[in-house]
Structures are given as structure tokens and as C-alpha cells.
Amino acid sequence: MRRLTASGSGRTRPRRSVILALLALWLVIPLTPLVLWAGASRWSGTARLPQDLGSRGWQEALDAGMIAALVRSGLLGVAVALIATPLGVMAGRALGWRLLRRPALPSVVLLAPVVLAPFSVAMGLDIVILRVGIPGEVAVVVVLSVFALPYTTFTMRATYLGLDPALEEQARVLGASTRQARRRVTLPAATTGLVTATGLAFLVGWSDYAVTLLIGGGQIVTAPMLIGSAAAGSGNDALTSTLAVSASLPPLVALAVFTYAASRRRTAAYS
Amino acid sequence: MTAALHLSAITHRHPGADQPTLADIDLEVPEGQMVAVLGPSGSGKTTLLRVAAGLEQPESGDVLLDGTSVLGVPPEGRDLTVMFQKPHLFPHLSVLDNVAFADRLRGRSRPASRAAAQRYLDLVQLGDLGRRRPRQLSGGQEQRVALARALAASRRVMLLDEPFSALDTNLRTSMHELLGEVRAALDPTIVIVTHDLDEAGLAERVGVLVEGRIEQFDAIHTLYAAPKTLAVARLVGGFNEVPGTVESGVHYSSLGALVLPAAADVNGTAILLVRKERLGLVDAEATATVTGRVVEVRQSGPHQDVVVELDRAPADRRARVEVEVRLGTTLRPGDRTGVQIPGPGGLWAVDHPGVEDASQISHATSEPAIFDSTTRGRG
């Protein structure tokens with residue numbers, strides 16, 4: 001019995017390493033040409049690698065307004081996260097702690113934005129928004145918040161499912177008001193879920209193309225809009241790749257920082 | 001003297017329930033004392049604590065702290081705290097910050113509240129674990145931290161909701177010792193609800209809660225010696241129930257005519273209660289009060305219980321008694337034996353007005369004449 005277990009685990013370890021390596025490749029391979037193009041000044045179609053390295057793509061991206069577009073995307077992501085996260089926390093709490101007598105209908109309604117294609121929704125809404133006279137920026141933020149809501153809600157629902165509601169009762173009998181119990185106990189205990197939900201809502205705003213284009217009427221130039229326009233019209237692969245890399249870097253850096261901080265926290269807890 | 005906590009005529013009904021969970025409960029807890037509420041599962045013990053803490057509202061009645069009604073006061077505003085069955089330590093805080101939680105809410109600085117928390121951690125003998133996270137603690141350690149946190153809240157009354165029931169026997173014993181040390185050091189006012197007689201025995205007085213009503217409120221030794229009702233006797237466990245009638249302080253039954261203690265104020269149809277450890281087994285030919293035949297010998301913790309079917313009972317109405325003996329009895333089923341009945345000091349009787357004919361009770365209870373504490377008392 002002992003030998004079987006030992007040989008079993010011995011076989012599992014290399015298999016796990018291979019799977020992890022394949023997963024890493026799956027994520028890295030699509031990014032490799034982008035990274036290479038971003039550092040190339042000349043790369044003809046037949047060559048396996050760029051013939052000349054340089055910063056032509058970066059210069060052209062800066063000239064095309066990359067910084068302003070990234071800032072706009074960032075603001076859009078922050079605005080969406082600021083709206084969708086608190087709403088998701090409330091909805092997730094109600095669903096996760098089974099505070100609703102009939103949770104089925106609210107669940108379906110909250111999940112619906114994921115089922116609907118943003119393009120089709122935006123196509124119908126743009127005329128309405130124009131007629132009502134809502135500013136494009138506000139309309140884009142509101143519509144994207146609706147699309148972000150399922151992600152924040154269901155992330156927080158899973159988080160609350162793992163938290164005992166009695167924690168709040170415990171806090172209250174130790175002297176915390178209802179609000180203090182939430183602010184000092186439940187929300188800090190749900191930090192990981194909260195950060196994940198905020199990140200997902202931010203990414204919905206950061207990476208959106210269809211809603212920003214159709215409802216914003218082309219007036220709100222965000223990073224995805226700039227990438228889309230470069231990819232569709234210029235034929236300039238260096239510029240397109242540079243824009244794509246620069247749009248990917250901030251979320252990747254944020255993810256790395258969060259993962260590092262979370263692992264440090266775990267390690268500190270066991271020290 | 002005004003009680004630190006007074007639950008006055010509390011009635012509570014869960015939404016949609018026909019019967020009230022608590023019916024007209026009155027309970028007074030003097031300052032510095034520990035009162036236990038003993039009851040089987042579903043008797044309403046936890047609901048009683050939740051009503052006292054303000055986590056549930058009663059249908060009627062009042063909750064008074066130092067004579068002042070706190071019925072309209074939210075849980076955080078009542079000068080009491082609760083330690084639940086689960087420790088409910090806050091997972092995002094260190095052990096020390098868990099204990100310092102109430103002080104921080106009161107606005108004390110972090111260093112000051114941590115210094116105070118450290119003293120309570122030292123008191124529960126976990127002074128070295130302040131920097132750990134709750135998930136790094138064992139079950140016993142978690143309960144100790146929860147106790148330290150409840151003590152550090154420095155409330156007028158501490159409500160303990162079966163706090164040690166999830167621990168194994170050794171840990172529970174050590175927690176009972178710790179509670180004794182804490183009481184000696186801080187003299188807190190405590191209400192503990194439990195289904196464990198040993199735990200209830202830590203308290204000065206015990207309220208026996210049966211189906212939402214306090215049936216008796218006495219010291220634990222009184223519950224063992226003089227239960228007020230059959231329900232209390234069955235909850236405490238270890239009694240032989242012998243049906244009969246009482247006339248002029250004498251109980252007549254298949255055990256014969258037995259003089260009751262003067263305190264047993266019963267008349268008419270009544271159940272004689274004799275604890276199994278107060279009965280003795282003697283040679284059948286000796287001066288035994290009654291004789292019978294052994295029908296079963298059972299192991300019961302560090303003792304043995306010998307079930308004896310009495311000769312005196314009519315053939316169609318078997319009457320049995322259970323006698324607790326030391327380990328190593330040589331008696332076997334089928335052996336004849338004598339049963340020695342104690343004097344008035346070892347007897348008790350309770351009214352049984354529901355049944356008029358004593359012989360019917362005898363027949364009905366002849367099989368389960370004894371209610372064992374290890375099963376009945378720990379429901």
C-alpha cells in the first residue's frame with residue numbers, strides 16, 4: 001500500500017509540472033509576437049524574427065495619444081468598479097447569505113448582462129441615449145456597470161457563502177453597530193473576494209470596445225478604441241502591437257502586485 | 001438586591017410556529033453569580049440567550065439589566081456579551097486583535113487595547129499566540145481566545161451558549177477549570193446554557209428548561225435529590241420511577257409502603273423516585289426490603305447497572321428497578337437478589353396527576369423504570 005502511494009505521487013508531480021508548463025505556454029505564446037513587434041522597427045513577412053530592433057512603434061503610439069487613451073481607460077475602469085462593486089457586494093451578500101425569500105429571479109436578472117451581447121445592447125441603446133440627452137461618458141459608465149454587475153455579484157456571492165453570517169452577530173454583541181460590524185468584520189474578512197470583484201469590474205471598463213464605440217459615438221478614445229483603429233486601418237503592426245502591449249501591462253502588473261501581496265499575507269499569517 | 005440580569009415573563013414564538021419557543025420565562029441572575037440553563041436540544045435554551053442579548057425580540061416580557069429595561073436597546077447597546085457555541089473568531093484579525101476588538105470599538109488606541117488584550121490572553125494561558133491567525137489555532141485554543149475576547153469586552157453579564165460542547169472530554173474539563181480560574185480572578189456574572197449536567201454543575205443555580213418552560217430553578221444537588229417534576233427527573237437522569245399513591249406522607253407501591261421525606265409535599269397518585277446509586281443489592285435471603293430476579297447487567301461508565309425484576313409485582317405487570325453497583329459484580333441474568341431500599345432521605349416523589357390508577361402507571365413504566373443520565377441527561 002505504501003509503495004503504491006509513493007509511486008502514485010511520484011508520477012503525479014512531473015505530470016503536474018508538464019501541465020503547468022503547457023498552461024504557461026498557452027498564455028505566453030499569443031503575447032510573444034506582440035512583444036517582438038513592439039520592439040521591432042522592421043520585420044518582413046518571411047523572417048522568423050525582427051530584422052531590426054527599435055522604438056518606432058512606441059514613438060508612433062505616443063504620437064497617436066496612447067497615454068491619454070490609457071488614462072481614459074483607467075478612469076472608465078475606476079468609474080465602473082466604483083459603481084458595480086458596491087452593488088455587487090449588496091447583491092452578493094443577499095444571495096450568498098440567502099437573505100431573499102425567492103432568490104431565483106434576482107439571480108437570473110443579475111446574470112442576464114453576461115448572456116446579452118454588448119454589441120446588440122449598445123446598438124439599441126445609442127439612439128435612446130442620444131434622444132434623452134444623457135452625456136456619452138455617463139451613458140458608457142452606466143451601461144458598462146450593468147455589464148460588470150454579474151461579475152461583482154457572483155464573485156461576492158461566492159465570498160459570502162464562505163463567510164459565516166454569525167460573525168456580524170458576534171461583532172454586535174461585542175459592541176459594534178450594524179454598520180461597524182460590516183465595515184470592521186465582514187468586509188475585511190471578504191477582502192480577497194472584494195479585490196477580485198473590483199478587479200473584474202475595472203477590467204470590464206478598461207477593456208471595453210463595443211459599448212464605448214457605439215454609445216460614446218467615437219468621441220471617447222480609450223486604449224481599446226486606439227488599438228481597434230490601429231489594427232483596422234493603419235496596417236502598422238508595430239504600432240498596433242505596442243498599443244496592445246501597453247494596454248495589457250497595467251492590469252498584468254496590478255495582478256502580479258496583488259498576487260504577491262496576497263502570498264506575503266498568507267506567509268506572514270503562518271510565521 | 002437588584003439582579004444583574006432579569007428575564008421577566010419572556011414569551012417568544014418563532015415566525016409561523018404554533019407553540020411558543022419560550023413560555024413565560026422568569027430568570028434572575030444576581031451579580032457575580034453563574035446561572036446555568038439546562039435543557040435538551042430544542043428546549044429553547046439558545047433562543048433564551050438570543051432574546052437576552054437582543055438578537056431576537058420576545059413576543060412579550062422584558063429584559064432588565066440592573067433593573068432597567070433594555071428591550072428596545074440593540075445588542076451593541078446592552079451591557080452584556082455572548083460567547084457562542086462556535087468561537088466566531090474574526091479571520092482577518094490576529095488573535096491579539098480579536099481580543100482587543102471591543103476596546104478598539106470603544107475608541108481606545110491600538111497599543112492600549114492590545115496591552116489590555118494581552119492580559120486576557122495571559123489569563124486564558126495563550127499569551128504566546130497573540131500574533132497568530134485564528135486558522136492556526138486548535139479548537140480548544142479558539143474557544144480560549146473567544147473566552148478572552150468576551151472577558152475583554154468587560155460587559156456586565158456574559159452569556160455562554162454551549163461554548164464547550166464541541167470540544168472533546170479532556171478539553172472540556174480543562175475549559176471548565178479555566179472558567180473556574182476566570183471566575184475566581186474576575187468574578188463575572190455569567191449565564192451558561194448547556195445540555196451537560198457536569199457543565200451545569202459549575203453554576204450556583206440551574207434553571208431546567210423543558211419545552212420552553214423553566215420547570216425548576218435550584219442548585220444542582222437539589223435537582224439530583226429533589227426534582228420538582230418528572231420531566232426534571234428524566235432530564236437529570238439516574239432515577240428509578242415507581243408508580244403508586246401517597247397517603248399521609250407514605251408512598252404505596254410494588255416496593256411496599258415507604259415513608260417519604262417531609263419536603264416531598266405530594267398526595268394521591270405519585271411517582272416514587274429513587275436514584276439508582278442509592279439502592280443496594282444484598283443476598284436474597286438476608287434482610288432485604290424486596291427481592292427479585294436479575295434480568296440484565298449493563299456497563300455504565302465506571303459502574304455497572306443491574307436490572308432487577310421485582311417479585312412483589314403482579315405477574316402480568318412486571319416492575320423493574322435498576323441498581324448501580326461497582327465494577328466486578330458476579331450477578332448474572334437469572335440470579336436471585338435482594339434490593340435494599342434507602343430510608344426517607346434517599347427517596348423522593350412527584351405528583352403524577354395525569355394518571356388516576358397507580359397500577360396502570362406501574363404497567364406503563366415497568367419496562368423503562370429507569371432513565372439513565374448518560375442518555376436522558378444529554379439530549
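**A sheet and its surroundings**

Guide: Let's begin with strand E4 (residues 60-65) of chain B, which pairs with E5(B) in the antiparallel sense over 2 bridges. Strands (E, at least two residues) and helices (H or I, at least four) are DSSP runs, numbered from the N terminus, and two strands pair if DSSP finds at least two bridges between them. Within this pair, Leu64(B) stands opposite Ser69(B) in E5(B). This is a predicted model: local features need pLDDT of at least 70 and side-chain atom pairs count only at pLDDT 80 or more, while totals for chains, interfaces and linings use all residues. Residues are numbered from 1 along each chain as its sequence is written, and chains are lettered from A and ligands numbered from 1 in the order in which they are written.

Now step back to the whole sheet. E4(B) and E5(B) belong to an open sheet of 4 strands, paired antiparallel in the order E2-E1-E4-E5 of chain B. At its edges are strand E2 (22-29) and strand E5 (68-69) of chain B, each pairing on one side only. Helix H1 (residues 45-53) of chain B packs on the sheet and touches strand E1 (5-12), E2 and E4 of chain B, and its direction makes about 115° with that of E1(B). Axes are lines fitted to C-alpha atoms, for helices over the stretch in contact, and angles run from 0 to 180 degrees between N-to-C directions. Touching is judged by contact: two residues are in contact if their C-beta atoms, placed from the backbone, lie within 7 Å.

Further along chain B there is another open sheet, this one of 5 strands in the order E15-E19-E16-E17-E18, again with antiparallel pairing. Its edge strands are strand E15 (280-282) and strand E18 (320-326) of chain B, each with pairing on one side only. On average, direction ignored, neighbouring strands here are turned by 50° against each other. E15(B) pairs with strand E19 (residues 336-340) of chain B in the antiparallel sense over 3 bridges, and Val282(B) has Gly338(B) in E19(B) as its bridge partner.

A hairpin of 2 residues joins E12(B) to E13(B), and Tyr252(B) stands opposite Ala257(B) in E13(B).

The loops have something to show as well. Most residues other than glycine have a negative phi. His88(B), in the loop between strand E6 (80-83) and helix H2 (95-99) of chain B, has a positive phi near 50°. His88(B) is buried, with 24 other C-beta atoms within 10 Å. Gln125(B), in the loop between helix H4 (110-123) and helix H5 (139-152) of chain B, also has a positive phi, about 65°. Gln125(B) has 14 C-beta neighbours inside 10 Å and so counts as partly exposed. The cut-offs are these: a residue is buried if 20 or more other C-beta atoms, placed from the backbone, lie within 10 Å of its own, exposed if 12 or fewer, and partly exposed in between.

Taken as a whole, chain B has 11 helices and 21 strands. Its C-alpha atoms fill a box of roughly 80 × 45 × 40 Å along the principal axes, and 46% of its 379 residues are buried. Among contacts in chain B between residues at least 6 apart in sequence, 68% join residues at least 24 apart.

Finally, chain B has a neighbour: 20 of its residues are in contact with 18 residues of chain A. On the chain A side, helix H8 (166-173), helix H9 (178-189) and helix H13 (237-270) each supply at least two residues. H8(A) gives the most, with 6 residues. By class, that side of chain A has 10 nonpolar, 5 polar and 3 charged residues. Here Ala, Val, Leu, Ile, Met, Phe, Trp, Tyr, Cys and Pro count as nonpolar, Asp, Glu, Lys and Arg as charged, and the others, Gly among them, as polar.
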